[in-house]
Amino acid sequence: VISDGDLVVAESGAIVEYIVRTYGGGRLVPPAGSPAAIKYLQWMHFAEGSAMLPILLALYVGRLGAAGAPLQPRITSELANHLSYMDAALGGEDFFLGAELSAADILLSFVVEAAGARGLLGDYPNLERFVERIQARPAYRRALERGGPYQLGR
């Protein structure tokens, strides 16, 4: 949740969109009507609507111990589906829309970091390189300096 004056915005996707539209000055978003605009929109929704779900399920079900064991094969399968899709989509590109960072990459970076925190990136070298590029960015480092390190639950 963020507040900007009297406005309070919840939900990560909405927060990223608000910041980009309000303060981005046309950066981090492809031009409306461009072929990349639909790809951008798809990745923005994929991050939380699809990719994050199996990671959260793995976290929650993992806390159930033996009671959650019957769900693990399905969760593992969905994690592999999503991570392999993302890894293939990156291919040899630096970011999901190509050579330039977009707000979709910022949203997706959390998904990839969460997967990495669970030790799930070993089979996905493009995702490993992606998160390394994100974490090497000066803005990422400044954000951690300002907000402090965060820990992703296991």
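Start with Arg21, which is exposed at a relative accessible area of 69%; exposed means over 50%, buried under 20%, and partly exposed in between, with a 1.4 Å probe and protein chains only. Before going further, note that this is a predicted model, in which local features need pLDDT of at least 70 and side-chain atom pairs count only at pLDDT 80 or more, while totals for chains, interfaces and linings use all residues. Residues are numbered from 1 along each chain as its sequence is written, and side-chain values use heavy atoms, with hydrogens and water left out.

**Stop 1: the salt bridges**

The term stands for a side-chain nitrogen of Lys or Arg within 4 Å of a carboxyl oxygen of Asp or Glu. Both residues are in helix H1, and because they are 4 residues apart there, about one helical turn separates them. Helices (H or I, at least four residues) and strands (E, at least two) are DSSP runs, numbered from the N terminus.

How many salt bridges does a search of the whole structure find? The search finds 3.

Next, select Glu78 and Arg74. Their side chains meet in a salt bridge at 3.6 Å, N to O. These residues are 4 apart in helix H3, so about one helical turn lies between them. Glu78 counts as partly exposed at 21% relative accessibility, whereas Arg74 is exposed at 57%.

Then select Arg133 and Asp94, whose salt bridge has its closest N and O atoms 3.7 Å apart. This pair links distant parts of the chain: Arg133 is in helix H5, Asp94 is in the loop between H3 and H4, and they are 39 residues apart. Arg133 is partly exposed at 23% relative accessibility, and Asp94 is partly exposed at 33%.

**Stop 2: a charged residue without a partner**

Select Glu113, in helix H4 (residues 103-117). Glu113 is buried yet has no salt bridge. Which side chain of opposite charge is nearest to Glu113? That side chain is Arg141, 11 Å away. For charge, Lys and Arg count as positive and Asp and Glu as negative, while His and the chain ends are not counted.

Now show what surrounds Glu113. Leaving out residues up to four places away in sequence, Glu113 touches Val131, Gln135, Tyr140, Tyr150 and Leu152. Contact here means heavy atoms within 4.5 Å.

**Stop 3: the nonpolar core**

Select Met86, Phe96 and Leu127. They have the most contacts inside the largest nonpolar core, which has 35 residues. Helices H1 (12-23), H2 (35-62), H3 (72-90), H4 and H5 (125-136) are the elements that give two or more residues to this core. H2 provides the largest share, 10 residues. A nonpolar core is a set of buried Ala, Val, Leu, Ile, Met, Phe, Trp, Tyr and Cys residues joined through side-chain atoms within 4.5 Å. In soluble globular proteins, nonpolar side chains tend to be buried together.

Not counting residues up to four places away in sequence, Met86 touches Trp43, Phe46, Ala51, Phe96, Leu108, Val111, Val112 and Leu127.

**Stop 4: the largest pocket**

Select Val16, Ile19, Ile106, Ser109 and Ala143. Of the 33 residues that line the largest pocket, these lie nearest its centre. H1, H2, H4 and helix H6 (138-147) each supply at least two residues of the lining.

**Stop 5: two loop residues**

Select Glu11, in the loop between strand E2 (7-9) and H1. Glu11 has a positive phi of about 80° although it is not a glycine, and it is exposed at 57% relative accessible area.

Finish at Leu28, in the loop between H1 and H2. Leu28 is not a glycine either, and its phi is positive, about 75°. At 29% relative accessibility, Leu28 is partly exposed. Most residues other than glycine have a negative phi.

Note on methods. 1 Å grid on protein atoms, 1.4 Å probe; cavity = no way out; pocket = protein on both sides within 12 Å on 5 of 7 lines; lining within 4 Å.
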